[in-house]
Amino acid sequence: MTAAPEAAEAVHPVDQLRPMHRLIPFAIQHVLVMVATPISSVFLIAGALDLNEAATSAILAAVFIFSGLGSILQSVGVWKIGVKLPFVMLPGGAATVLFITIGQGTDIETAVGAVILTGIFYILAVTLFVKLLKFFPPLVIGIMVIVIGVNLVQVTGKLIVGEADTKAFGDPQNLLLGLITVVITVLCFRFLRGMLGKLSVALGLIGGTIVAAFTGVTDFAAQTGGPLLAAPTLFPFGTPKFDVIAAIPMLLWALASMAEATGQTIINGEVVEKKVDASRDVPRLIRADGIITIFGGLFGTPAMVTSGENVGIVRASGVRSRFVTAFAGVLLIIIGISPIARILNGIPAAVVGGTAVVVFAIIAVLGIQMLAKVDFNQTGNLITATVGLAAGLLPVLIPGMYSQLSPNVASLLGSGVAMAAFVSVLLNLLFHHTGKRNRHPKSRTAIDDPSHLAQRPGDYRI
């Protein structure tokens, strides 16, 4: 009589398929928070490379469709491809900028070729990269996660305040709209219970949009023009050109992206309380990124990456099922072939920013939570965290600080996550793998202080 309930309890919450009436609202919440990224990426590419309306529509459809396929692949997993955790996939922000830069410096066919080469590089390089994961203990991962969260807050904060040196920068109306969105979100978390409480992020975004509509900030009627159905086009810019030299900046970015994927995989596993084996799961995630990037490139998209954007939603809502993000992938595909993408573009940027700032700040807090388990009485841990955070946060807080260096070097050093990972790994090696290790100001030895056991290089079981 009790066999069925016991079997149900044996299924981890990540692997539980929720009823459709609960699955759909949570999937919509993920989509609403991340939908601005693919739309803004495509419109940025279209404006910078002077694409016509037909090409823009085709690229927009392709970006949403491959974001959806990537989200499904990461959430469901096929063989050794896909990490089987609640993740969504998006066009990379830095990858979009690099796509534009290469397209402007050469031509768009070469930019597309660089995307395809990057996808191939992901798949080939992951075998070597996985051998380096033993140098990413929880101390290093925690530093990276904090930098990821702060970087996302910095980027999405611009949706509220605007870009510096523009007329819209610091517009009081946008600041108020972002604040209202944050307040509504917080009040929903405070006073709503049950399923509505878990949908607080989506309700905050909807509430902010309603306020914007009543104050005349947005008008969805202006977004309804265009074709009823859209479809991606194979080789929309013609046959790709493969120029390894032109692709170097994007390949360097791919290295930073793999380091970021490591941090996202570990923190997602901790959020959903499922054991993660980095040497097994990180390659699965990176392979999926590579495959979707290759096929997306054939249809003109920038490089696609599994995003940490939804990790904050998972933590805030407490809904851990990977089938929620898989269904979000289905919704993204539907959006890609319908006018919904254009309609969603009517949500004011300040509202999206207000929602995103809350969600992404949660990621930074999760990094702090990871570092809280580290013994900072050990000098090595203290200095590694101090210098690693400084190296990672400087390019985030001071964009363009390496702009006078060569483009390839500036691209690598300008990635806060890459710098945090690189510097933290080096310092961890210096303090914990050379000479006298784990020097403690109170003269306790590593053997006397058992807390170091949680910081063994290669200990990824969380």
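Trainee: In this predicted model, why is D15 called partly exposed?

Mentor: D15 has 25% relative accessibility.

Trainee: What makes the contact of R322 and D15 a salt bridge?

Mentor: The N to O distance between the two side chains is 2.7 Å. The cut-off is within 4 Å for a side-chain nitrogen of Lys or Arg and a carboxyl oxygen of Asp or Glu, so the pair qualifies. R322 lies in helix α14 (residues 322-336) and D15 in the loop between α1 (3-10) and α2 (20-34), so the bridge ties together parts 307 residues apart in sequence.

Trainee: Why is R322 counted as buried?

Mentor: R322 has 11% relative accessibility. Buried means under 20%, so R322 counts as buried.

Trainee: How do you know that E273 is exposed?

Mentor: The relative accessible area of E273 is 60%, and exposed means over 50%, so the label holds. E273 also forms a salt bridge with R320, with the closest N and O atoms 3.1 Å apart.

Trainee: Which labels do D281 and R280 get, buried or partly exposed?

Mentor: D281 has a relative accessible area of 5%, so it is buried. R280, at 36%, counts as partly exposed. Their side chains meet in a salt bridge at 2.9 Å, N to O.

Trainee: How many salt bridges does the structure hold?

Mentor: The structure holds six.

Definitions and conventions:
Residues numbered from 1 in each chain as written. Predicted model: local features only at pLDDT ≥ 70, side-chain atom pairs only at ≥ 80, totals over all residues. Heavy atoms only, no water. Helix = DSSP H or I, 4+ residues; strand = E, 2+ residues; numbered from the N terminus. Buried < 20%, exposed > 50% of the residue type's maximum accessible area, 1.4 Å probe, protein only.
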